[in-house]
Amino acid sequence: MGTPFSEIIDRALITINDYKLDAVYTDDPELFEDILCGYLIKGIPNFSQCLKSLDYDEASKSFVADLDVYEQNILADYTVITWYESQLQDVLEFQEALQDKEFKRYSTGQNLTPRQNYLTDLKTRVHQEGCNYQLMHLDEFPFFGGA
């Protein structure tokens with residue numbers, strides 16, 4: 001049996017801090033797991049540098065291959081990216097908040113730009129992690145004598 005999705009999701013949850021997901025976990029842990037598995041599955045194709053098969057069995061919620069710690073971390077980061085993209089697309093974020101003297105909120109545009117910049121930086125970092133992963137396994141490429 002390969003690496004279970006839960007190992008990767010646990011790594012992703014180190015970064016994800018979402019009160020809505022926390023509420024879902026409290027109410028329905030199975031739904032919580034299904035939601036995070038969806039983020040993981042959507043993020044899998046982004047890890048195109050992986051040298052192992054990323055085929056998975058949806059019924060057992062696990063990969064066919066045993067993934068090492070680097071592969072798991074990269075997949076966890078892609079899961080976070082997929083989750084973060086869904087947060088950027090949240091329609092409620094585009095509504096302007098009411099303001100009074102004691103509470104002010106930046107406009108939607110002022111909130112969205114730094115979040116988009118963070119997402120771009122995160123994608124760049126994870127892509128670099130993928131390149132570093134390939135460099136660590138350079139001897140496995142056919143050109144360098146690998147299988």
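Q: What should the 20 residues of α4 span at 1.5 Å a residue, and how far apart are its end C-alpha atoms?
A: They should span 28 Å, and the end C-alpha atoms are 29 Å apart, which agrees. The expected span is 1.5 Å times one less than the number of residues. Helices here are DSSP runs of H or I, at least four residues, and strands are E runs of at least two, numbered from the N terminus.

Q: What kind of model is this?
A: A predicted one: local features need pLDDT of at least 70, side-chain atom pairs count only at pLDDT 80 or more, and totals for chains, interfaces and linings use all residues. Residues are numbered from 1 along each chain as its sequence is written, and side-chain values use heavy atoms, with hydrogens and water left out.

Q: How many residues of α4 are buried?
A: 15 of its 20, so α4 is mostly covered (buried is under 20% relative accessible area, exposed over 50%, partly exposed in between, with a 1.4 Å probe and protein chains only).

Q: What caps its N-terminal end?
A: Asp-68. A side-chain oxygen lies 3.0 Å from the backbone nitrogen of Tyr-70.

Q: Which residues of α1 make the contact with α4?
A: Glu-7, Ile-8, Arg-11 and Ala-12. On α4, the residues include Val-69, Leu-75 and Val-80. Contact means heavy atoms within 4.5 Å.

Q: New topic. Where is Lys-61?
A: In the loop between β1 (56–57) and β2 (62–63).

Q: How accessible is Lys-61?
A: Partly exposed, at a relative accessible area of 23%.

Notes: Polar contact = N/O pair within 3.5 Å; in protein donor to acceptor, adjacent residues only side chain to side chain.
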